[in-house]
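Subject: Structure handover

Hello,

Here is the structure for you to look at. My notes on what was found follow below.

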Amino acid sequence: MAAGKMRMAWRMAIVMAAVFLAGCSAADGGSSPEEKGSVPEREAALPGIGGRYTAFAGMNGEYSLNDNYAMKMSMQDAGILVDFNSVLGADLKEKRNLSLLTDHYPDLYFKAMFEAGDLEKYGRQGILIPLEELIGQYAPNLSARLDEIDGWQDLESADGHIYSFPEIDRPGPAGAVCWINGRWMDNLGLEEPRSYEELYRVLKAFRDQDANGNGDPGDEIPMSLAGDPQVLLSYADFAYDKESRTAVIDGELVYLPADERYKEYIRYVARLYREGLLDRNTFMQQRTQLESVGRSGDILGSFDASGAFEVVGRGTEDYIALTPFQEGTFPITKGITVGAAAITDKCRHPEALVVWLDQFYTEEGGILAWMGVEGVTYQVYEDGTWGWMSGTEYGADVSAVRAGSTIQGAQYHPSIQPQLWDALSGEVDPDEVYLTQQHQKLVGMGAVPLPAMNYSESDSGEIRALSTDMNAYIDRYVVEVATGELDLDESWDGYLEVLKGMDVERLIALYRKAYADAVK
């Protein structure tokens, strides 16, 4: 990869944008490039470039971005310095919110897990600054990408402003995927199921016919899920949005838990549970418990996860992503996630940060964020594929390289997913390559459930208040029917009355209002 060309492009972008600005620091009010002393000599010919900034950030596992090799390279080439206060993922949102309650918040929030409602809230308070004009003027790479994918509206808050930089990936599954044991199906001479009824019959065969071939027909678990069976709705004949529990059906936004279709979904879940096809632990187990089961032996017929190796471990292609039952309904993402980075009103010269962040929306910048530096953290082979370089000072293994020397990690980061990422060598990381192939199969049969839905701060708060209690009640009802505590047909009308008493009509109205605004 032409690192010299990448550095020149970034320098020229800064020159052309006329961002010859001293930086700003919440701690000391700003440091000149001379004061910070970390701008390479080759940048000295560009007077005034750079600056020093403060940032709050999520850690990559145990690694701080202050020590991150790719981050250091990005700052060195742009001639700036960002001091990161890096926080463990488990504490991220709590400490982020606490920092925003003080008057000492930083210039930049980076990988801080802002959701759409948070962005508008702090934007309206004047803490997060509007970015649309700055992006249009100083971020040509991001602007071009948003034009290409028609993504501007996806970044907008309900007030029309953009308060964050996105992560832009390939479209992918919108949630967990149902994985099914292909080897077990081969053992029993079964075809992959193409309907709910066929799935039922396959799971029944897993239960009864010694699918793993160990001579014990009773040690198989046909299906086990991590606490929530809604993954099954991903295979319905409509594109289901799990977050809002809605779907657009015949042009109308439908709130599924108050619809007859949801009743039939519950009936199916209850059928699986009562016949021993759905693990008895499903409704109570955490994902870590499911992973423990998956690693305990060859006993799982199907489960939900982003990737099969998360549950059963690496080194196997026994499990396939269950193919959607029909075209154009499996829920997928558009590949745009807001909240990856946001600039605050503490920053006196935000245009400098915008120019720096814009580098990550080029192919070269995406490579730096996702893969690091060629010859240091990854290498490209003669056939055009690439692989990680581990066992070096930049990481003892692949996980360490990715966490300590690339900007990607547990939180979304401002970048585009580079094209080169798709050329990962199957010999180096077969599990990742297999996962990509399986996800692309789903994407090819999928649909984005909803357009970009923007909610005002008040509507967002009202939705949160209504849906929190309502979702808890709905989930409890599903469990009570599945376990036989309630009869579905006898209790359904009473269930709808409870939803009505919890003001479900108001919740539906709020969703439909946002949907109507989105499709204008």
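Axes are lines fitted to C-alpha atoms, for helices over the stretch in contact, and angles run from 0 to 180 degrees between N-to-C directions. Helices are DSSP runs (H or I, at least four residues), numbered from the N terminus. This is a predicted model, where local features need pLDDT of at least 70, side-chain atom pairs count only at pLDDT 80 or more, and totals for chains, interfaces and linings use all residues. Residues are numbered from 1 along each chain as its sequence is written, and side-chain values use heavy atoms, with hydrogens and water left out.

Helix α18 (residues 457–482) and helix α20 (residues 504–518) have axes that come within 10 Å and cross at roughly 135 degrees. The two are therefore oblique to each other (angles under 35 degrees count as roughly parallel, over 145 as roughly antiparallel, 65 to 115 as roughly perpendicular and the rest as oblique). Contact (heavy atoms within 4.5 Å) involves, among others, Ile463 and Leu466 of α18 and Leu507 and Leu510 of α20.

α18 also packs against α11, at an angle of about 45 degrees and with the axes 8 Å apart. This pair is therefore oblique too. Residues of α11 that meet α18 include Tyr262, Ile266 and Val269; on the α18 side, Ile474 and Tyr477 are among them.

Helix α11 (residues 260–274) also gives the most to the lining of the second largest pocket, with four residues. Among the residues lining that pocket are Tyr196, Phe238, Arg261 and Tyr268. A pocket here is an open set of points on a 1 Å grid over the protein atoms alone, where a 1.4 Å probe fits, with protein on both sides within 12 Å along at least five of seven lines; lining residues have an atom within 4 Å of a point.

Regards
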